[in-house]
Amino acid sequence: MSETLTIILNWNNSKLTVDLINQFLDLDDNCDYCIVDNNSNTEEKDILLQFCESHDDCFIGTENEIYSLKTRSKFYCIFNDANHGYAKGNNVGARLGLTIGYSYFIFSNNDILLVEPVIVGLMKEVVADKKVVMVGPKIEDTIGNQQGPFVKERLRHNFILSLLFPVVIISKKLNFNFLGSLDNTQLKHKEDKLYRLMGCFFIIDAAAFKKLDLFDEKTFLYYEEAILSSKIFESGYKVGYKPELKVIHFDSMSTKMISNSLLQYSLESGRYYFKTYRNYNRFYLLLFAIGKIVINNFWLRVILLIRNVYSWIKR
């Protein structure tokens with residue numbers, strides 16, 4: 001019987017979710033699986049139902065039915081009655097796991113490519129040190145760029161460096177890092193500064209996660225990892241990182257990713273995090289908002305325009 005539950009949040013991308021579970025089954029089947037659907041459309045829900053019904057050991061239900069579970073299954077498919085966002089949506093899966101006694105949770109985006117087994121290795125890191133309750137692997141995008149981990153964000157990251165975003169990009173290319181992302185060589189010398197992991201794939205101790213009151217549901221999207229890290233360190237726990245293990249994240253800049261609604265979520269969640277967990281005053285929050293608006297509404301759009309023009313020229 002597995003002690004690890006992998007929780008995958010789905011919203012209108014069921015094929016990607018099913019593909020990821022099949023990757024686990026083929027390469028790293030050391031867990032059970034919980035799909036939490038955030039009120040996708042009917043066609044997408046049908047894809048999930050077809051997948052779950054093809055497996056005998058599968059529980060299919062709603063978010064209100066998870067507390068009545070008495071026994072474990074290999075697969076769970078939970079349908080939320082609304083799009084709850086990242087934090088509240090994932091908490092549905094976590095509450096299911098806590099109800100039936102799982103010891104570890106893996107939270108994974110569905111846009112993940114497994115290249116090697118990672119579950120046992122990540123779990124060993126949590127078991128080896130009782131203070132370490134959350135561990136992530138090395139995460140790269142599809143062209144090899146590393147995503148995280150990160151040091152604790154300061155005002156300079158969100159204001160000064162947002163205004164100078166092109167300089168930040170050039171400095172990273174020159175391996176002069178002041179943005180906050182740590183590469184492997186830097187991490188060996190600055191381990192005490194490791195603060196935040198990427199939220200697209202990590203393992204966490206279930207009992208500790210419960211003590212931390214799960215994800216903060218006051219955010220819909222963005223800053224969930226920063227908030228969780230803040231609660232982890234304030235509770236005397238630590239975050240771990242296992243760069244010897246790797247997954248690929250299909251995350252890329254696109255028109256969809258910089259839609260006005262997503263930019264607004266980023267701004268609102270960031271202000272909530274810095275006000276609630278970092279005690280920023282009104283002036284600091286104003287500087288944060290200015291920096292966020294500049295990078296979201298100007299620099300990211302400029303970069304996207306340049307990429308589109310470059311792609312057009314290459315045709």
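Are Phe107 and Phe202 buried or exposed? Phe107 is buried, and Phe202 is buried too. Keep in mind that this is a predicted model.

In soluble globular proteins, nonpolar side chains tend to be buried together. Here the largest nonpolar core has 36 residues, and the members that touch the most others are Tyr76, Leu96, Phe105, Phe107, Phe202, Phe209 and Leu228. Helix α3 (residues 85–99) gives this core its largest share, five residues. There is also a second, separate core of 33 residues, with Ile21, Phe51, Cys52 and Phe150 among its members.

Beyond its neighbours within four places in sequence, its contacts include Leu5, Tyr33, Phe59, Leu96 and Tyr102.

Now for the rings. The model has 24 aromatic pairs, and two of them are set out here.

| Ring pair | Distance between centres | Angle between planes | Arrangement |
|---|---|---|---|
| Phe107 and Phe202 | 5.5 Å | 40° | tilted |
| Tyr272 and Tyr277 | 6.2 Å | 75° | edge-to-face |

Because Phe107 lies in strand β5 (residues 104–108) and Phe202 in strand β8 (residues 201–205), their pair ties together parts that are 95 residues apart in sequence. Tyr272 and Tyr277 are both buried. These two tyrosines also belong to a cluster linked by ring pairs, which includes Tyr223, Tyr273, Phe274 and Phe288.

Finally, two arginines lie over ring faces. Arg72 is over the face of Tyr102, 4.3 Å from the ring centre. Arg196 is over the face of Phe150, at 4.0 Å from the ring centre.

Conventions: Residues are numbered from 1 along each chain as its sequence is written. This is a predicted model: local features need pLDDT of at least 70, side-chain atom pairs count only at pLDDT 80 or more; totals for chains, interfaces and linings use all residues. Side-chain values use heavy atoms; hydrogens and water are left out. A nonpolar core is a set of buried Ala, Val, Leu, Ile, Met, Phe, Trp, Tyr and Cys residues joined through side-chain atoms within 4.5 Å. Buried means under 20% relative accessible area, exposed over 50%, partly exposed in between (1.4 Å probe, protein chains only). Helices (H or I, at least four residues) and strands (E, at least two) are DSSP runs, numbered from the N terminus. Contact means heavy atoms within 4.5 Å. Rings of Phe, Tyr and Trp (its six-membered ring) pair if their centres lie within 6.5 Å; planes under 30 degrees apart count as stacked, over 60 as edge-to-face and the rest as tilted. A charge sits over a ring if NZ of Lys or CZ of Arg is within 6 Å of the ring centre and within 35 degrees of the ring normal.
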